[in-house]
Amino acid sequence: MHPNPHGLDGIPTGDPGFTIAIEVNQRLSTLSHSERAAILAAVGSHLAHLDRSPLGNARIVFEILHTGWWESGQAATQIVGSLREAWPVVGIEICRSDLWGVEPFLDHDADVLLEMPDWCRDVEPRYRSTVLVEVEPERTPSGKRRTARPLPKCYRHTQDARLSESGATRPQLIVETRGPAEHGTQLIAKAAHFVSNAWSITRIRSVRADIYQAETLSFPMHSEIADRQQTPDWQLVSNGESDRYVVVTDPNVDMNGWSADITTFDGHTLTRPFSLDTVWIDDAGTANIVADGSEVTAWTARIESRTNLVALHREDTRLEIDGWDSMAAWLVESMHGKPVGLVIELGPSDYGPELEEEGVPVVCAQIQVLDDGVHMLRRSRAVLGHLMLTDYSADGLELDTWHNDDHFDDCTDGYLFTRDTRLIANTCIAWFRDNTGMTDSEELGCSYRFSDELPRSL
């Protein structure tokens, strides 16, 4: 195959296809299992997956084979149309598939970022978008460019366009537009047509201007977290025995040379280095080391039992871990792979029988493991009793919906059934943090109760 890489219907040399990424205005880590399924359903027949944008938003990613930039852009626009009512779209990108993932699309020249048109100074960045067209710097065998027409001349409003280049030195045309990201893609379409007659387009991205600026200023040269000064996505995992790890699940960061700072139950601080290892990610995005889900390579730091993660550090860079985030990660770890019937109770660590006898109100929560990977969360401002369930079946239960009826007399703030353990953990943490006045996760107490089994003779 020898496709012509230029023009409206041009297919890049080698026919690599195009990858489409649509970023929505919600963090990937906060999406429930049902929300993830609903977003992916909007993509239709395309085989799509969710990943994390540079700033942590959820991003729908799928590939279209045997296409050029125009056909891929039309497919992206159709998906945006089916998404935007339920999920505000803040970024749209089409990228040659052989470049996706290996060449991050970030403007590495901070000076260019500040060269925006004067009208931008009076428009809030959330209400405008930045559009970037990146091209392949192809040359003829003689060493001359295919055309002598400069890239900015391909855009009629040259006063609003500026030049930059990617980290791989691919030329980029940057244009500011008013309105949301999908409007930016429509406004740039005609200009991109002229560009593609002279240059082979490698990708086009339209993104809300404030997000683009935050990316550019946070990631000046590459995605190492020392430069980003932003804690990457991480989780705690264990096998219920002696093996326990901090796992960095963000695939875009390099943890080489980094260590995890942990504190023991008796107050000692220990440092454990990160190294690459194999973990598994289940359907809900939860990491584990018990072969549940898809096998991936991730950065891990082996830590001792009964320790807390307090920071990530490398040389003179230290990223503190919020105590509430650490508590949420511990809860997710505590729920993974546990037997049916287990009850986890949470409440103030200083609440005792004498206060209960006096009828003192108490903010508390209770998690119970049901069948088929479903957990029940109950929240209350009164002490929660232990339910005498007839069975633990999850058949017929409405998942991922908060129930506020009075089915359980002691459950004063409703209950939830879900398979998403991270949703449960974040809901618990918000409940205590926002309703108790607790300033430190150390004030939160926890107890376990496993189901009883009758003795059986062999």
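First, the ground rules. This is a predicted model. Mean pLDDT for the protein is 81. Of its residues, 86% reach 70 or more. Among the elements, strand S4 has the highest mean pLDDT, at 95. Helix H6 has the lowest, at 48.

Two stretches need a flag. Over residues 140-148, pLDDT stays under 50. The model has 13 contacts beyond four places in sequence for that stretch. Over residues 220-224, pLDDT is again under 50. There the model has 9 contacts beyond four places in sequence. Where pLDDT is low, the predicted coordinates should not be read in detail.

Now to the strands. Start with S1, residues 18-27. Of its 10 residues, 7 are buried, so S1 is mostly covered. One is S4, residues 89-96, antiparallel, over 7 bridges. In that pairing, Ile 22 stands opposite Ile 92. The other is S3, residues 57-64, also antiparallel, with 7 bridges. Here Arg 27 faces Asn 57.

Next, helix H2, residues 69-83. How far apart are its end C-alpha atoms? They are 21 Å apart. Its 15 residues, at 1.5 Å a residue, should span 21 Å, so the two values agree.

Which residues of H2 are buried? Trp 69, Ser 72, Ala 75, Ala 76, Ile 79, Val 80 and Leu 83. These cover an arc of only 140° around the axis, which puts them on the same side of H2. An α-helix has 3.6 residues a turn, so residues three or four places apart point the same way.

What covers that buried set? The cover includes S1, S3 and S4. It also includes helix H1 (33-41), helix H4 (181-198) and strand S8 (200-208).

On to charges. Side chains of opposite charge can pair when their charged atoms come close. The count for this model is 20 salt bridges.

Begin with Glu 136. Glu 136 makes a salt bridge with Arg 96, with the closest N and O atoms 3.2 Å apart. Glu 136 lies in strand S5, residues 128-136, and Arg 96 in S4, so the pair ties together parts 40 residues apart in sequence. Both of these residues, Glu 136 and Arg 96, are buried.

Glu 136 also meets Arg 170 in a salt bridge, at 2.5 Å, N to O. Arg 170 is in the loop between strand S6 (161-165) and strand S7 (171-178), while Glu 136 is in S5, so this pair ties together parts 34 residues apart in sequence. Arg 170 and Glu 136 are both buried.

Third, Arg 272 and Glu 304. Their side chains meet in a salt bridge at 2.7 Å, N to O. Arg 272 sits in strand S12 (residues 269-273), and Glu 304 in the loop between strand S15 (294-302) and strand S16 (307-314), so the pair ties together parts 32 residues apart in sequence.

Back to my opening question.

Then the network. Salt bridges with shared partners join Glu 23, Glu 93, Glu 134, Arg 203 and Arg 205 into one network.

Now some backbone details. Asp 15 is not a glycine, yet its phi is positive, about 50°. Asp 15 is in the segment before S1. Its relative accessibility is 13%, so Asp 15 counts as buried.

Asp 400 also has a positive phi, near 60°, and is a residue other than glycine. Where is Asp 400? In the loop between strand S20 (375-380) and strand S21 (415-418). Relative accessibility is 21% for Asp 400, so it counts as partly exposed.

Last, a proline. Pro 232 is in the loop between H6 (225-228) and strand S9 (234-238). Pro 232 is buried, with a relative accessible area of 2%. Pro 251 is 19 residues from Pro 232 along the chain, and their C-alpha atoms are separated by 9.4 Å.

Key: Residues numbered from 1 in each chain as written. Predicted model: local features only at pLDDT ≥ 70, side-chain atom pairs only at ≥ 80, totals over all residues. Heavy atoms only, no water. Helix = DSSP H or I, 4+ residues; strand = E, 2+ residues; numbered from the N terminus. Buried < 20%, exposed > 50% of the residue type's maximum accessible area, 1.4 Å probe, protein only. Pairing = 2+ DSSP bridges. Expected span 1.5 Å × (residues − 1). Arc of directions from axis to C-beta. Contact = heavy atoms within 4.5 Å. Salt bridge = Lys/Arg side-chain N within 4 Å of Asp/Glu carboxyl O. pLDDT = per-residue confidence, 0-100.
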